[in-house]
Amino acid sequence: MVQAKTWILVKHFDGFPKDSDFELKVEELPEPKDGEVLLEAVFLSVDPYMRPFSRVRMKEGDVMIGTQVAKVLQSKNPAFPVGSHVIGRGGWRTHTVSDGADLTPIMPDWPQDLSLSLALGTIGMPGLTALFGIEEVLGLQKGETLLVNAAAGAVGTVVGQIAKIKGCKVVGSAGSDAKVAYLKELGFDEAFNYKTVGSLDEALKKASPEGYDCFFENVGGPFWTAATQQMKLLGRIAVCGGIATYNDTTTKTCPYPHPVIISKQLKVEGFIPARWQHKHPESLKRLMGWVKEGKLKYREHVTKGFDNMPAAFMGLLQGENIGKAVIAV
């Protein structure tokens, strides 16, 4: 028998998550049956979506939702040979018995000098989110100006770099001077610390006096209100996240955006990358190609130890990470 460690959601989050909301448990797993595999987690992901989605996709007592890179230890499924690596949606657990339905093999010919953790970040879901938001939702064109907030996170860093690859001006907002410096390293044309500027409106105007053609929205709250005012006529907004609101105990209201949306004839569209599932393989190859060419750089915030997952998750929600937050088992 193999013992699996799991992190359980004891109680739905009320405001910001607490240590007491999680419980570490151990369970014994059965031997794999025909068609099944036994997996061992190598890297696990913590992502902002886990905060709001836990409320709608989980019951108290469930294993925390999430994605991991795992190694196949035992296999009774020819599609997943022993020693191969997969992306799985088993959640916060060290070992999993799976029938393979929720598994995706790591893309073939993965370079040996690239960490498999990138399959959870730049060459994974966050990278796909950035690519589809830019191409499918915004339809970003060469010469346009793009604004992205939470720009130093797993998605935002990729958004800005893809926009530069496409020949656009990029303005990014982040929550520390160190993050702003990193955005400049990545080639952002302008970047500012939203926590230290005197006025968001003035900071946005200074960064791009002519306004913004496209806005990749990850935050919500006051930033949303300020940014919509700076959009150009017929501007487009891709709504990817709202991390500023995830820990609110009561739903906040902001000034009604209808007048500016109507007068500027803005397009506002929310999305998740699963909509373009059929494009995932080809899109991952493109992301990998940009990484290998040096056009797409990355940084990871790595926390060692499965036992530290709740702390890593809470740190993510407080903005401790630059780039993708992962747990190395």
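Modeller: Buried means under 20% relative accessible area, exposed over 50%, partly exposed in between (1.4 Å probe, protein chains only). Helices are DSSP runs (H or I, at least four residues), numbered from the N terminus. This is a predicted model: local features need pLDDT of at least 70, side-chain atom pairs count only at pLDDT 80 or more, and totals for chains, interfaces and linings use all residues. Residues are numbered from 1 along each chain as its sequence is written, and side-chain values use heavy atoms, with hydrogens and water left out.

Colleague: How many residues of α2 are buried?

Modeller: In α2, 11 of 14 residues are buried, so the helix is mostly covered. Among them are P126, L131, F132 and L138.

Colleague: Where is the kink in α2 centred?

Modeller: A bend is the angle between axes fitted to the seven residues ending at a residue and the seven starting there. In α2 the kink is about 30°, centred on F132. The helix covers residues 125–138 and reaches 18 Å from first C-alpha to last. That is close to the expected 20 Å, which is 1.5 Å times one less than the number of residues. Just after α2, G139 has a positive phi of about 60°.

Colleague: Now the cavities. Which residues line the largest cavity?

Modeller: A cavity is a set of points on a 1 Å grid over the protein atoms alone where a 1.4 Å probe fits but cannot get out; lining residues have an atom within 4 Å of a point. The lining of the largest cavity includes L118, Y298, R299 and E300.

Conventions: On a 1 Å grid over the protein atoms alone, a cavity is a set of points where a 1.4 Å probe fits but cannot get out, and a pocket is an open set with protein on both sides within 12 Å along at least five of seven lines; lining residues have an atom within 4 Å of a point. Helices (H or I, at least four residues) and strands (E, at least two) are DSSP runs, numbered from the N terminus.
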